[in-house]
Amino acid sequence: MATSEDGVQEEDPYVFLEEVESEESIAFAKSANERCLSQLGDPSDTDTYKRVLAALESDDRIPHVRLLGYEEGTGDMLLYNFWKDSKNPKGLWRKTTLTSYQSANTEWTTVLDLDELAKKEEISWVWKGYVPLPRSLDEDEKSGYKPGSDTSAPEGRVTRVLLNLSRGGADATYLREFDLLTESFVDPDGEERGFALPEAKTRASYKSRDVLLVGADTGEGSMTTSGYPRTVREWRRGTEVGDAPVVFEGE
């Protein structure tokens, strides 16, 4: 409901926009875009637009990296970067070593091609980042990390991350566990029972390799009126998130 100047409540003529993916909402957005373009012109035709786009897609950009462990055998740092350009509009998640990164011609290895994933799954995926499993919490011997070791020591590597992927750029994301050793998603229905959650404004991090602290949509009362998690649950691998015990609850 909307309130007029004299305090009388009236029906909001735009309440249909609450359903952002309805045909009516999409038609409204397209119509508004057309009106803007007809009045202001297409910005892609301007020199400013072309100059900014060229800068954003330039290969001369500095690829910002994140350290996710050390290469077995050499002890070289493993550096990960998410990169978008004209050939990869959705982006490449890729890795290299510190030695290669410092060279004149860095050699990158693709970990996940988001354009290929979107094409394969027929979903317009948008990258929303990831949460790694800290080496100090990883009990798997494949991580190469020895419990009790200094986490700054050049040994071990991150083996798992929680990827956040958005459908078409929405605020809500899908959570999917990804294995950095096999460079593939961990099947939630497979032997390892990978962590996965449907579209929501989910927040999650690892408590251990097999336990997450997660704020997720588990039904009535679990989300705020703004659509954000109201509770935090301790979710163990192989169980239903709705059955996980609540460890924190907002009022």
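Biologist: Which residues form a nonpolar patch on the surface here?

Modeller: Patches are built from residues with over 30% relative accessible area and no salt bridge, joining nonpolar side chains (Val, Leu, Ile, Met, Phe, Trp, Tyr) within 5 Å and like charges within 9 Å. Here Leu-213, Val-247 and Phe-248 make one, with about 270 Å² of accessible area together (Shrake-Rupley method, 1.4 Å probe, only the protein chains shown counting as cover for residues). This is a predicted model, where local features need pLDDT of at least 70, side-chain atom pairs count only at pLDDT 80 or more, and totals for chains, interfaces and linings use all residues. Residues are numbered from 1 along each chain as its sequence is written, and side-chain values use heavy atoms, leaving out hydrogens and water.

Biologist: Is Phe-248 buried or exposed?

Modeller: Buried is under 20% relative accessible area, exposed is over 50%, and partly exposed is in between (1.4 Å probe, protein chains only). Phe-248 is exposed, because its relative accessible area is 52%.

Biologist: How many salt bridges does a search of the whole structure find?

Modeller: Side chains of opposite charge can pair when their charged atoms come close. The cut-off is a side-chain nitrogen of Lys or Arg within 4 Å of a carboxyl oxygen of Asp or Glu. The search finds 13.

Biologist: Which residue meets Arg-237 in a salt bridge?

Modeller: Glu-177 does, at 2.7 Å, N to O. Both Arg-237 and Glu-177 are buried. Asp-210 also meets Arg-237, at 2.6 Å, and Asp-210 is partly exposed at 32%.

Biologist: Which residues are linked in a network?

Modeller: Arg-160, Glu-177, Asp-179, Glu-192, Asp-210 and Arg-237, through salt bridges.
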